[in-house]
Amino acid sequence: MVAVNYAGLRDTGQFFAIGQDTAVGVVERLIAGEPVDWIGINGEAIVFDDGTSGIWVAAVESGSPASATGIQAGDIITRMEGLVVGTDGTMRDYCDILRTRANNAVAIEVLRFETEEVLTGEINGAPLTQSFSFAQELGTETPDAPGGAYDYVTITDDTGQLIVDVPAQWSDVDGRPIDVDTTLDVRAASSLQDYADFYDTPGVQFTASVAPEFLNATPGALLDSVTTWSGGCTFIERAPFDDGIYFGEFDFFQNCGGGNASAVVVAVQPADGAYAVLLAVQVVSDADLEAADRILRSFFVDLGG
């Protein structure tokens with residue numbers, strides 16, 4: 001055997017192969033009945049016009065790790081271990097994550113178009129459950145946005161370690177750290193000054209810190225330290241937050257400034273407790289609620305940044 005052909009373009013006569021040195025070891029493991037970078041799906045990388053990407057699941061093998069987690073044909077795996085997959089139109093990131101995680105639990109996020117659900121869970125771990133959706137739970141409480149639905153872009157702080165999707169219309173972005181050694185921060189809004197001064201301007205602030213006062217505080221204590229919305233809004237609830245990667249609590253406020261504005265404030269840590277996150281989204285319209293869901297699904301701290 002010289003190599004294993006795995007892809008080709010008939011129109012141009014181009015073909016691609018995996019070299020013998022790599023392929024032989026994989027073939028030997030497959031002959032021995034050992035799965036290699038496998039969770040039990042037939043998948044294909046897909047990228048939508050709005051930039052959303054993932055691994056489209058064509059079929060799921062019965063009894064496989066994917067089946068046990070609850071993945072179904074037609075699902076799109078959008079994130080694994082907090083990282084967006086399929087962004088370049090290939091399975092590379094998907095395979096890299098499976099290779100590094102071996103048989104360990106792998107946190108995943110799944111988009112299920114049939115039921116319009118976002119599900120989170122773990123391969124080799126917790127089964128899929130529906131993520132909390134502020135848009136679904138509270139969409140009747142806010143007016144429609146004048147401009148309709150948002151387009152989204154990915155922003156980072158100045159260090160590149162804080163990553164989050166926000167509406168493209170929130171183009172006023174400030175990624176300067178609060179303390180370059182301990183506390184990183186990124187904010188976005190159509191006008192950051194108006195976001196800071198008024199309740200009727202939607203926006204987001206995303207902070208991550210390794211400062212002792214963050215790390216040693218409970219999620220509830222961190223939420224109590226945020227007073228921006230406690231004075232001018234009606235407190236609705238405090239509830240657990242768990243997206244399979246970050247764990248903590250969130251506060252929800254309504255009737256801010258006596259109007260329709262709302263706010264979501266989240267305090268979480270990853271499972272290893274390496275840092276703490278405070279994230280706040282100010283909401284004015286239904287489109288902003290959708291944006292809050294997108295933000296809470298996409299925020300991520302990359303310590304390797």
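**Figure 1. Contacts across the whole chain.** In this predicted model, residues 24 or more positions apart account for 48% of the contacts with a separation of 6 or more, where contact means heavy atoms within 4.5 Å. The protein has eight helices and 19 strands; these are DSSP runs numbered from the N terminus, with helices being H or I of at least four residues and strands being E of at least two. Along the principal axes, the C-alpha trace spans about 70 × 45 × 35 Å. Of the 305 residues, 42% count as buried. Here buried means under 20% relative accessible area, exposed means over 50%, and partly exposed is in between (1.4 Å probe, protein chains only).

**Figure 2. The largest nonpolar core.** A nonpolar core is a set of buried Ala, Val, Leu, Ile, Met, Phe, Trp, Tyr and Cys residues joined through side-chain atoms within 4.5 Å. The largest one here has 35 residues, and those with the most contacts inside it are Trp170, Phe206, Val277, Leu279 and Phe299. Helix α8 (residues 286–298) gives the most to this core, with six residues. In soluble globular proteins, nonpolar side chains tend to be buried together.

**Figure 3. A closer look at Val277.** Which residues does Val277 touch, not counting those up to four places away in sequence? The partners are Phe206, Thr207, Ala208, Val266, Ala267, Val268, Phe299 and Val301.

**Figure 4. Ala267 and its surroundings.** You can find Ala267 in strand β17 (residues 261–270). Ala267 is buried, because its relative accessible area is 0%. Leaving aside neighbours within four places in sequence, Ala267 is in contact with Pro219, Leu222, Leu223, Phe247, Gly248, Glu249, Val277 and Leu278. Val110 is 157 residues from Ala267 along the chain, and the C-alpha atoms of the two are separated by 23 Å.

**Figure 5. Two asparagines with positive phi.** Asn124 is found in the loop between β8 (117–123) and β9 (129–130), and its phi is near 65°, a positive value in a residue other than glycine. Asn255 is found in strand β16 (residues 246–256); this residue is not a glycine either, yet has a positive phi of about 55°.

**Notes for all figures.** Residues are numbered from 1 along each chain as its sequence is written, and side-chain values use heavy atoms, leaving out hydrogens and water. As the model is predicted, local features need pLDDT of at least 70 and side-chain atom pairs count only at pLDDT 80 or more, while totals for chains, interfaces and linings use all residues.
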